[in-house]
Amino acid sequence: MNQEPSKFDLYIELLTQVKHGNCSYSGLSKCTGLPETTLNQAIEPLLQEGLLTKEKIEDAKDDQMSFRLTDRGEQFIDFLG
């Protein structure tokens with residue numbers, strides 16, 4: 001039986017991916033295999049809690065976003081690791 005990861009596991013995965021340099025929206029989408037709506041729902045609480053920040057990628061032709069781990073997000077991952 002194939003079980004979906006918990007929200008907590010998904011949050012950890014997203015934060016870890018960003019920590020290791022997979023910072024673009026498209027990169028996170030590819031590595032998690034999540035549909036856009038699910039990925040947006042997973043990222044939003046991380047932004048609201050101050051674990052991630054979001055910024056527009058310079059020189060991007062469209063509104064591509066990049067994510068950065070905050071100090072708080074770094075501490076969160078370190079605590080769990």
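This is a dialogue on reading a predicted protein model.

Q: Which helices and strands does the protein have, and in what pattern along the sequence?
A: The model is predicted, not an experimental structure. The protein has four helices and two strands. Read along the sequence, they follow the pattern α-α-α-β-β-α.

Q: How many of the residues count as buried?
A: A residue is called buried when its relative accessible area is under 20%. In this protein of 81 residues, 30% count as buried. The protein exposes about 5,800 Å², and carbon and sulfur atoms supply 48% of that area.

Q: What share of the contacts joins residues 24 or more positions apart?
A: Take the contacts in the protein with a separation of 6 or more. Residues 24 or more positions apart account for 44% of them.

Q: At what angle do helix 1 and helix 3 pack?
A: Angles of 65 to 115 degrees count as roughly perpendicular. Helix 1 and helix 3 (residues 36–48) pack at about 80°, with their axes 10 Å apart. These two helices are therefore roughly perpendicular to each other.

Q: Which residues make that contact between helix 1 and helix 3?
A: Helix 1 contributes Leu10, Tyr11, Leu14 and Leu15. From helix 3 come Leu39, Ala42, Ile43, Pro45 and Leu46. By type, the residues of this contact are nine nonpolar, no polar and no charged.

Q: How do the axes of helix 2 and helix 3 cross?
A: The axes of helix 2 (residues 25–32) and helix 3 come within 11 Å and cross at roughly 110°. In helix 2, Tyr25, Leu28, Ser29 and Thr32 meet Glu36, Leu39, Asn40 and Ile43 of helix 3. The residues of this contact divide into four nonpolar, three polar and one charged.

Q: How is a pair of aromatic rings described?
A: Two values are used, namely the distance of the centres and the angle of the planes. The structure holds one aromatic pair. Phe8 and Phe76 form it, with 6.3 Å centre to centre and 70° between the planes. Planes over 60 degrees apart count as edge-to-face, and the pair of Phe8 and Phe76 is of that kind.

Q: Which parts does the pair of Phe8 and Phe76 tie together?
A: Phe8 lies in helix 1 (residues 7–19) and Phe76 in helix 4 (residues 71–80), so the pair ties together parts that are 68 residues apart in sequence.

Q: Are Phe8 and Phe76 buried, partly exposed or exposed?
A: Partly exposed lies between the limits for buried, under 20%, and exposed, over 50%. Phe8 has a relative accessibility of 43% and counts as partly exposed. Phe76, at 27%, also counts as partly exposed.

Q: What does Leu80 touch, apart from residues up to four places away in sequence?
A: Leu80 lies in helix 4 and touches Phe8 and Ile12. Leu80 and Ile12 are 68 residues apart in sequence, while their C-alpha atoms are 8.8 Å apart in space. With a relative accessible area of 39%, Leu80 is partly exposed.

Q: Where does Glu55 lie, and with which residues is it in contact?
A: Glu55 lies in strand 1 (residues 52–56). Leaving aside neighbours within four places in sequence, Glu55 is in contact with Gln64, Met65, Ser66 and Arg68. Glu55 and Arg68 are 13 residues apart along the chain, and their C-alpha atoms are separated by 8.1 Å. Glu55 is partly exposed, with a relative accessible area of 37%.

Notes: Residues are numbered from 1 along each chain as its sequence is written. This is a predicted model: local features need pLDDT of at least 70, side-chain atom pairs count only at pLDDT 80 or more; totals for chains, interfaces and linings use all residues. Side-chain values use heavy atoms; hydrogens and water are left out. Rings of Phe, Tyr and Trp (its six-membered ring) pair if their centres lie within 6.5 Å; planes under 30 degrees apart count as stacked, over 60 as edge-to-face and the rest as tilted. Buried means under 20% relative accessible area, exposed over 50%, partly exposed in between (1.4 Å probe, protein chains only). Axes are lines fitted to C-alpha atoms, for helices over the stretch in contact, and angles run from 0 to 180 degrees between N-to-C directions. Angles under 35 degrees count as roughly parallel, over 145 as roughly antiparallel, 65 to 115 as roughly perpendicular and the rest as oblique. Contact means heavy atoms within 4.5 Å. Ala, Val, Leu, Ile, Met, Phe, Trp, Tyr, Cys and Pro count as nonpolar, Asp, Glu, Lys and Arg as charged, and the others, Gly among them, as polar. Accessible areas come from the Shrake-Rupley method with a 1.4 Å probe; for residues, only the protein chains shown count as cover.
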